[in-house]
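Please read this briefing alongside the sequence and the model.

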Amino acid sequence: MTTATPVKTEYEAIIGLETHCQLSTNTKIFSNSSTAFGADPNTNIDPVCMGLPGVLPVLNAKVLEYAVKTGLALNCQIARYSKFDRKQYFYPDLPKNYQISQYDLPIAEHGWIEIELVDDAGNPSRKRIGITRLHMEEDAGKLVHAGSERLSGSTYSLVDYNRAGIPLVEIVSEPDLRTGQEAAEYAQELRRIVRYLGVSDGNMQEGSLRCDVNISVRPVGQEKFGTKVEIKNMNSFSAIQKAIDYEIERQIAAIESGEKIVQETRLWEEGSQRTSSMRVKEGSSDYRYFPEPDLAPIEVTQPELDSWLSELPQLPANKRHYYENELGLSAYDTRVLTEDKPVADYFESAISKGANPKSAANWITQDIAGYLNKQKVTISEIKLTASNLADVITRIENGKISNAQAKEKLTDLLNGVSPEEAFAGQELISDRTILEPIIDEIIAANAQQVEKYRKGNTNLKGFFVGQVLKKTDKRAEPKLTNQLVEEKLNEPT
C-alpha cells in the first residue's frame, strides 16, 4: 500500500502600505519655522512646534491645499468637513508628548491608484490599488543614537527637533498588494504623483517619503487574514521589495514549523538583508485619541475644491495610456518618459514642434538620458531645447543629415550649439546625379571586389557604401547611396 504524498500548502501575502509624504511647504504645518533640509540641529524650531505652554497652533493654508490636491489625484472623496485630533504617545523626539494628526474624520478617503508592471518581454499589466484614507499630520523630531543605529546598544542619544512640526500626509492603502514587486511599484507611483503635483520632492534619502509595510500571509483560498506584521526602516524602493520578499518567506516558514506569528513591528536591516523584531505593535486605543481643542474643524468650500481640481496636471498613468495607445510607444519608453514630469514635458514639447514621437522617445530615453546620467544633471539643465531636438529629428527624416551625423554633434547640441551651426555645410547629398559618378568611379577602381560581389559575396556592398561615404565626407544620403550602389553592382556587364 502506497502512502499519498501530502499536498503542499500554497500561501499568498496580503500587503498594505502606510506612506508618510512630506509636503513641500516653506514653513511648518502649525508655525512659521522653516522646513529647509540640512539645517544645523535644533535651529528650525519655535515655541509652537516645541509645545511650550500658552502657544496655539495655526494651520498652514498651503498644507490643506496640497493635501486636497493629493487626495484628488488619488481619486479620493474629499471631506467637506474634517478635524484634527491629538494622538498621545511619549517619546523623546516628540516634545509635546502628543502628535496633532487626523483620526476618525480624515481629509480624504476611498480612493485608488493604478500601478503598471512590465514583464521581461516588455508587456505591461495594470492593477488598481485601493486607497483607504489620506490625512494630514505633523512629523516628530529625530533621535540620533551614539554608537548604534538603534537605542539598544547605544551609549547615549541626541535629539534634533528640526523635523518636529514638518507637514505630512499619511496615505494608507487597502490590503490589495500581493508581492514585493507590486508594493515597490505602488510606492514609486505615489512618488511620481506627488512630484507631478509639485506637493513633495519625494526624496527618500532625506525622509520626504517613508513607507511602513503591513504584511501577513494566509493559505490560498482562505478569506480570513493572517496576523499582521509591520516593517519599518526602509529607505529605498528596492528595500521595500526585498523586505517584503524576506518577510513572506519568514512567516511561511514560521507557520509551517508550528510557530505563532505575533502582531509586532519589525525593522529591515539592510546590512544583513533581514527583518528583526523591534516592539509589540500598539493599537489605536493605546494612543487615546481625542479632538484637538486648539484647532477649529476644517471646511473645504466648493469654490476651493473646484479651483484645486482645475490646477491638477495630467498624471503619470494618464500619460502612459496616451503614449502607448495614441502615440504607439512601447511600455518601456512610456515608463522612462513619464518617470519625471520635466522629462514628459520636454518630450511633449518636442512632438508639439513636429518631432516624430518614436524618434523623440529614442533620443530622450537613450542618447540624452545617457548624457544626463554621465553628467549628473537633469533635463531642465541641458541647453538643447525641445524645439531644437525636433529640428534635428526633422532634418534626419527629411534626409538632410544622417542619424550618425546627429549623434556625432550631440554633445555640441546639448551644450547649446544650434542645429544650423552644428550642421552648417554638412547637409547630405541626396542628388543621384551627384552620387552616381562618384559610385561609378569607386566601382571602376575596385574591379577585384566587384568580381567577388558578383560571384556571390554580397556582403561587399557595405565596402562600396563605405567608400562612397568616405569620398563624400559622410555626406552621402545613406538610403539613396545603398540603393544606387546595389543598382550599379548588379548592372549586367
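The points below are grouped by topic.

This is a predicted model, in which local features need pLDDT of at least 70 and side-chain atom pairs count only at pLDDT 80 or more, whereas totals for chains, interfaces and linings use all residues. Residues are numbered from 1 along each chain as its sequence is written, and side-chain values use heavy atoms, with hydrogens and water left out.

**Cysteines**
- The structure holds 0 disulfides, a disulfide being a pair of cysteine sulfur atoms within 2.5 Å.
- The sulfur of Cys76 lies 13 Å from the closest cysteine sulfur, that of Cys21, which is too far for a bond.
- Cys211 is likewise in no disulfide, its nearest cysteine sulfur being that of Cys21 at 9.5 Å.
- Cys76 is buried at 9% relative accessibility, and Cys211 is buried at 2% (buried means under 20% relative accessible area, with a 1.4 Å probe and protein chains only).

**Strand 1 and its partners**
- Strand 1 (residues 11-22) has 10 of its 12 residues buried, so it is largely enclosed by the rest of the structure; strands are DSSP runs of E, at least two residues, numbered from the N terminus.
- Strand 1 pairs antiparallel with strand 11 (residues 209-219) over 11 bridges, where Ile14 stands opposite Ser216; pairing requires that DSSP finds at least two bridges between the strands.
- Strand 1 is also joined to strand 10 (residues 167-173) by 5 bridges in the antiparallel sense, and Glu18 stands opposite Val172 there.

- An open, antiparallel sheet is formed by 3 strands in the order 5-4-15.
- Strand 5 (98-101) and strand 15 (290-291) are at the edges with a single partner strand each, so one side of each has no neighbour in the sheet.
- Strand 4 (residues 85-88) is joined to strand 5 by 4 bridges, with Asp85 opposite Ser101.

Note on methods: Buried means under 20% relative accessible area, exposed over 50%, partly exposed in between (1.4 Å probe, protein chains only).
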